[in-house]
Amino acid sequence: MKKIALLTTLLAGATLGTDALAQRTMNLAFTPPLDSHYGDAGRAFADRIDSLSDGEINIALKPSGALGGERDVIEGMQIGTVELAISSTGPIGNFVPEVYALDFPFLFKSYDSAHEVLDGEIGQDILDALQPAGLIGLAWAENGFRHVTNSTRSIENPEDFKGLKLRTMENEVHIAAFQALGAAPTPMSWTEVLTSLQQGTIDGQENPVPIITANSMWEMQDYATLTSHAYSPAAVVMSEIYWDQLSEKEKGWFREAAKAAAEASRETVANNEQAGIERMRKNGMTVVESIDQQAFERAVQPVYDQYAERYAPELIERIRAAQQ
Ligand code: EAX
């Protein structure tokens, strides 16, 4: 009799466990604040999963680097301590070399051509390249075209970068580009940037307008130059450890939610970039809007000579050809 009671208890516990498992919560990490294009993407993702799973799966947003910098979060997804992330491609190249192809300076000509490339075969090939690193690339959201801010001088020509201590992402193509411009690039996680700028250990940084406005960077930066020196995608990524626990139907939900997140981020960037530039000016930043782009492209050409061959050269050629 005792055995039956024990078995019943175990089964009940297992059933409860299964029911409890059904109320799953998964963390989605990103470094910008909740009130940002990444936050809008995260909300769109969470809302879609809530509706598709009928409330059975809860996506807990972890903004402002709550789970660490982008590199930490990628490592967390590889070992299973983080389930999901929206991350700029900056640090991903350290884990998936093909992704570096997306970070070459002046490679993408416009938002439209970036979307066309990323939403097509090239973009899917690069998302698929994440899998051997234990990462499932679900969709391409958007960070935006990157611009330079600093607290030392107004930058109008490549020569103006000379000696500037500029934070870059942990991305050797970006580091090389700013070395070629004569700056002193300092790679670091985004989670250290605002403090470093406030303390003056770096002079400047480079990010899209929505990052500059979401972090009120006019509080620590006097100058901005709209260099558009690199288009920054934001990958919606899931840890393969958690992906493998999903049913086929649930995997479809996560892909659909990632596309909703991508669309939400692009919409926020499109709607807010121009207004963001005005906000930067209203808050006292000197904003240089037009540069001699060819002079900057010539200055960073060594990056292509040095790295294009090493990082999926055919991808760079495909991206260039797709924008002809
Ligand atoms: O992904 O590190 C960076 O500059 C990124 O653009 C930022 O974390 C948003």
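Pro105, Phe106, Phe161, Ala177, Phe178, Leu181, Thr227, His229, Phe296 and Val300 line the second largest cavity. A cavity, on a 1 Å grid over the protein atoms alone, is a set of points where a 1.4 Å probe fits but cannot get out, and lining residues have an atom within 4 Å of a point. Helix H6 (172-180), strand E8 (223-239) and helix H11 (293-308) each give two or more residues to this lining. Helices (H or I, at least four residues) and strands (E, at least two) are DSSP runs, numbered from the N terminus. The lining has eight nonpolar residues, two polar and no charged. Here Ala, Val, Leu, Ile, Met, Phe, Trp, Tyr, Cys and Pro count as nonpolar, Asp, Glu, Lys and Arg as charged, and the others, Gly among them, as polar. The space amounts to about 50 Å³. A volume is the space filled by probe spheres set on the grid points, which are joined across faces, edges and corners.

This is a predicted model: local features need pLDDT of at least 70, side-chain atom pairs count only at pLDDT 80 or more, and totals for chains, interfaces and linings use all residues. Residues are numbered from 1 along each chain as its sequence is written, and side-chain values use heavy atoms, with hydrogens and water left out.

Three cavities of 30 Å³ or more occur in the structure. Helix H3 (70-79) and strand E4 (135-150) each supply at least two of the lining residues. By class, the lining holds seven nonpolar, five polar and five charged residues.

Now take the polar contacts (N or O pairs within 3.5 Å). A ligand oxygen lies 2.5 Å from a side-chain N or O atom of Glu70. For Asn207, the distance from a ligand oxygen to a side-chain N or O atom is 2.7 Å.

Conventions:
Polar contact = N/O pair within 3.5 Å; in protein donor to acceptor, adjacent residues only side chain to side chain. 1 Å grid on protein atoms, 1.4 Å probe; cavity = no way out; pocket = protein on both sides within 12 Å on 5 of 7 lines; lining within 4 Å.
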